[in-house]
Amino acid sequence: MTEEVHITGFVQDEEGDWIAELSCGHRRHVRHRPPWQNRPWVMSAAGREKMLGYRLICRECQKNIDKF
């Protein structure tokens with residue numbers, strides 16, 4: 001079973017990497033470091049704004065679901 005949440009905002013960590021704030025209250029890094037992490041949209045304010053509301057699986061919530 002998986003539960004999707006949506007992106008509600010973005011903040012940067014101390015190294016300048018972007019972190020998505022999720023509707024569940026958790027956070028998830030959304031780095032752009034090709035070729036392994038290809039997220040060019042995170043590099044601009046307009047790109048990040050377009051991703052607000054985007055649904056994804058929260059890894060932290062998934063860990064809790066997998067325990068049961």
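**Reading a loop and a sheet**

Author: Met51 sits in the loop between H1 and E4. Keep in mind, as we go through this, that the model is predicted.

Reader: Glad to start there. Why does Met51 count as buried?

Author: Buried means under 20% relative accessible area. Met51 comes to 16% relative accessibility, so Met51 counts as buried.

Reader: Which residues does Met51 touch, leaving aside those up to four places away in sequence?

Author: Those are Ile7, Phe10 and Trp41. A contact here means heavy atoms within 4.5 Å. As for Arg27, Met51 is 24 residues from Arg27 in sequence, and their C-alpha atoms are 14 Å apart.

Reader: Where is Ser23, and what does Ser23 touch?

Author: Ser23 belongs to the loop between E2 and E3. When residues up to four places away in sequence are not counted, Ser23 touches Val5, His6 and Thr8. For Ala46, 23 residues away along the chain, the C-alpha separation from Ser23 is 20 Å.

Reader: Now the fold. How many helices and strands does the chain have, and in what pattern?

Author: Two helices and four strands make up its secondary structure. Along the sequence the pattern reads β-β-β-α-β-α.

Reader: How do the four strands line up in the sheet?

Author: They form an open sheet in the order E3-E2-E1-E4, with antiparallel pairing. E3 and strand E4 (55-57) are the edge strands, since each pairs on one side only. Neighbouring strands are turned by 50 degrees against each other on average, with direction ignored. In general, strands of a sheet pair through backbone hydrogen bonds, either parallel or antiparallel.

Reader: What makes E1 and E2 a pair?

Author: Two strands pair if DSSP finds at least two bridges between them. E1 and E2 have five bridges, in the antiparallel sense, and so they meet that condition. Within this pairing, Phe10 stands opposite Ala20 in E2, and Ile7 has Leu22 in E2 as its bridge partner.

Reader: How do you know that the neighbouring pairs qualify, going by how many bridges they have?

Author: The cut-off is again at least two bridges. Strand E2 (residues 18-22) is joined to E3 by three bridges and runs antiparallel to E3; there Ile19 stands opposite His29 in E3. Strand E1 (residues 4-12) also has three bridges with E4, in the antiparallel sense, and Val5 finds its bridge partner in Leu56 of E4. Both pairs therefore pass the cut-off of at least two bridges.

Reader: Why is E2 described as largely enclosed?

Author: Four of the five residues of E2 are buried, so the rest of the structure largely encloses E2. For the chain as a whole, 29% of the 68 residues count as buried.

Reader: What do the turns of the two hairpins look like?

Author: The hairpin of E1 and E2 has five residues between the strands, and Gly16 in its turn has a positive phi of about 90 degrees. In the hairpin of E2 and E3 there are four residues between the strands, with Gly25 at a positive phi near 100 degrees.

Reader: To finish, what are the overall box, the surface and the charge layout of the chain?

Author: The C-alpha atoms fill a box of roughly 40 × 25 × 20 Å along the principal axes. The accessible surface is about 5000 Å², and 50% of that belongs to carbon and sulfur atoms. There are 11 positive and 10 negative charges, whose mean positions are 3 Å apart. Lastly, among contacts between residues at least 6 apart in sequence, 40% join residues at least 24 apart.

Definitions and conventions: Residues are numbered from 1 along each chain as its sequence is written. This is a predicted model: local features need pLDDT of at least 70, side-chain atom pairs count only at pLDDT 80 or more; totals for chains, interfaces and linings use all residues. Side-chain values use heavy atoms; hydrogens and water are left out. Buried means under 20% relative accessible area, exposed over 50%, partly exposed in between (1.4 Å probe, protein chains only). Accessible areas come from the Shrake-Rupley method with a 1.4 Å probe; for residues, only the protein chains shown count as cover. Lys and Arg count as positive and Asp and Glu as negative; His and the chain ends are not counted. The place of a charge is taken as NZ of Lys, CZ of Arg, CG of Asp or CD of Glu. Axes are lines fitted to C-alpha atoms, for helices over the stretch in contact, and angles run from 0 to 180 degrees between N-to-C directions.
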